[in-house]
Amino acid sequence: MADPMHQFQIQKIVEVPPVKVPGLGYIDLSITNSVFAMLLAATLVIVFYAIAARKAVVPGRLQTVGEMLYGLVDGLAESIIGHEGKKFLPFVFTLFAFVLFMNIQGMFLVFTSTSQLAVTLTLGLLVILTVVGVGFAKNGIKFFKLFAPSGVPGWILPLVVLIEIVSFLVRPLTLALRLFGNMVGGHVVLKIFAGFVVALGGLGVLGWAGAALALTSVVALTALEFMVAFLQAFVFAVLTCVYLNDVVHLDSH
Amino acid sequence: MATENHGTVESTEAPGHESGGLPQLQFQHWGGQIVWLLLIFAVLYVVLSKGLLPRVSGAIDERGAKIAGDIADARRLKDEAEVQARAAAAEVAEARAKAQKTAADAKAKASAQAAERQAKEEAVLAEKLAAAEASIQTARDEAMSHVRTVAEETAGAIVEKLTGKAASAAELKAALA
């Protein structure tokens, strides 16, 4: 059976000489399959919205879908962050659309960028750094109030602060691992079941029943994976909104 | 996912991943992915936030405004139509009342004329009747006066025949009174 992890192997498509970054050493900026998938996803998002943003009063199909996705994130930001959600909408929407397109692309092409820990961790850090930046810009030094919820008795406060700090620091990690794990798990399971189809099919008539079962599972899992692809992008957007809301409405924390 | 992208560069790849472990943890590939991701994300963010998303929200807002405007227009037109319908109904009612009045007037006038003409006719008839009755009365009176004379003559003839002697006119008149 083919190695189910092989699909996550980074391969270079266009070699670019490494760039020396002071303090970090050499960074290989070659276009790999992961970079290519990211470029393609970003391009598709732009092309899709270039078509979807046609401003027709009676929208076509693409425009309807585009406006539906926009409305989804808009409603999310509005309902979680409130009135100030509009300011963060472009950021949340870019995250959502980018992750969604990378996930969905992974269902059609051979490589899923969101199954790379480097990618999801960078996205997670991007979110949390944005949260910290917004927190300091909005509240100044009062940002640290985030770690000291009001209404906690004095003697338990040190413990609560410790927990809050840890939970805050863990956020980018959970964001990254949730997306990473879902994508990797789904694709590995698909690969293994698809491998079963071939392996059992080669065993003769008796194996065919097993192969048919495995094939049915692959079909069902593919449907499930499409849902997961959308759901994980949605969850990423929701959590981004929740974390942003924490620092935007620090007073009511 | 069944097909794999066997890139031509694969053979030049570090053979580290063959020994097992996640390919995602080959840290030599992290730097490039992170830099590219940040670049791509930045470009995507700028294009979406400055170019495309305002157009999408603009289209949505425009549609909302247009729908609201159209509904307001429709409501206004409906109100106008209702006012006009009410005015038209009032006009019809007025016209009907007028027509009824005219009809009633004409009827009254006609019946008055008819009554007048009838009265005139009756007067003429009554006159004729009176004249006829008068002439009948005269004729009867005359006839009655002739009856006395005839009776006198008859009585004189009868007396003369019975007695052989003619009675005087005075005696006959006294006998017949």
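## Exercises on a predicted two-chain model

In this predicted model, start with helix 2 of chain A, where A:Leu69, A:Tyr70, A:Val73, A:Asp74, A:Ala77, A:Glu78, A:Ile80 and A:Ile81 touch helix 3 of chain A through A:Gly85, A:Lys86, A:Phe88, A:Leu89, A:Val92, A:Phe93, A:Phe96 and A:Ala97.

**Exercise 1. Sort the residues of that contact by class, then work out how helix 2 and helix 3 of chain A are oriented.**

Step 1: the classes. The contact between helix 2 and helix 3 of chain A splits into twelve nonpolar residues, one polar and three charged.

Step 2: what to look at. Two packed helices are described by the angle between their axes and the distance between the axes.

Step 3: the numbers. For helix 2 and helix 3 of chain A, the packing angle is about 130° and the axes are 9 Å apart.

Step 4: Roughly perpendicular would need 65 to 115 degrees, and roughly antiparallel would need over 145. Helix 2 and helix 3 of chain A are therefore oblique to each other.

Step 5: the hand. Helix 2 of chain A goes past helix 3 of chain A in a right-handed crossing.

**Exercise 2. Now take helix 2 of chain A against helix 1 of chain B: how are they oriented, and which residues make the contact?**

Step 1: the geometry. The axes of helix 2 of chain A and helix 1 of chain B cross at roughly 95° and come within 10 Å.

Step 2: The range from 65 to 115 degrees counts as roughly perpendicular, so that is how helix 2 of chain A and helix 1 of chain B stand to each other.

Step 3: the residues. Chain A brings A:Gly66, A:Glu67 and A:Tyr70 from helix 2, while B:Leu53, B:Val56, B:Ala59 and B:Ile60 come from helix 1 of chain B.

Step 4: the classes. This contact has five nonpolar residues, one polar and one charged.

**Exercise 3. Zoom out to the whole contact between the chains: how many residues does each chain give, and which element of chain A gives the most?**

Step 1: the totals. Chain A puts in 48 residues and chain B puts in 44 residues.

Step 2: the elements. On the chain A side, those with two or more residues in the contact are strand 1 (12-14), helix 1 (33-52), helix 2 (61-81), helix 3 (85-108), helix 4 (117-139) and helix 5 (157-201).

Step 3: the top contributor. Helix 1 of chain A gives the most to this side, with eleven residues.

Step 4: the classes. The side of chain A that touches chain B holds 30 nonpolar, 13 polar and five charged residues.

**Exercise 4. Describe each chain by its secondary structure and its share of buried residues.**

Step 1: chain A. Chain A has six helices and four strands, and from the N terminus its elements run β-β-β-β-α-α-α-α-α-α. Its C-alpha trace spans about 70 × 55 × 45 Å along the principal axes.

Step 2: contacts in chain A. Take the contacts with a separation of 6 or more: 63% of them join residues 24 or more positions apart.

Step 3: burial. In chain A, 38% of the 253 residues count as buried.

Step 4: chain B. Chain B has two helices and zero strands, and 8% of its 177 residues count as buried.

**Exercise 5. Check the spans that UniProt annotates in chain B against the model.**

Step 1: An unreviewed UniProt entry puts "transmembrane region" on residues 30-48 of chain B. In the model, residues 30-48 of chain B are 100% helix, with end C-alpha atoms 26 Å apart.

Step 2: Residues 71-142 of chain B are 100% helix and 0% strand, and their end C-alpha atoms lie 105 Å apart.

**Exercise 6. Are B:Ala112 and A:Arg54 exposed or partly exposed?**

Step 1: B:Ala112. B:Ala112 sits in helix 1 (residues 30-163) of chain B. The cut-off for exposed is 12 or fewer C-beta neighbours; B:Ala112 has 10 other C-beta atoms within 10 Å, so B:Ala112 is exposed.

Step 2: A:Arg54. A:Arg54 belongs to the loop between helix 1 and helix 2 of chain A. Because A:Arg54 has 15 C-beta neighbours inside 10 Å, A:Arg54 counts as partly exposed.

Terms used. Residues are numbered from 1 along each chain as its sequence is written. Chains are lettered from A and ligands numbered from 1 in the order in which they are written. This is a predicted model: local features need pLDDT of at least 70, side-chain atom pairs count only at pLDDT 80 or more; totals for chains, interfaces and linings use all residues. Two residues are in contact if their C-beta atoms, placed from the backbone, lie within 7 Å. Ala, Val, Leu, Ile, Met, Phe, Trp, Tyr, Cys and Pro count as nonpolar, Asp, Glu, Lys and Arg as charged, and the others, Gly among them, as polar. UniProt positions are given in the numbering used here, feature names are shortened, and annotations may be inferred rather than shown by experiment. Axes are lines fitted to C-alpha atoms, for helices over the stretch in contact, and angles run from 0 to 180 degrees between N-to-C directions. Angles under 35 degrees count as roughly parallel, over 145 as roughly antiparallel, 65 to 115 as roughly perpendicular and the rest as oblique. A crossing is left-handed if the near helix is turned anticlockwise from the far one by less than a right angle, and right-handed if clockwise. A residue is buried if 20 or more other C-beta atoms lie within 10 Å of its own, exposed if 12 or fewer, and partly exposed in between; C-beta atoms are placed from the backbone.
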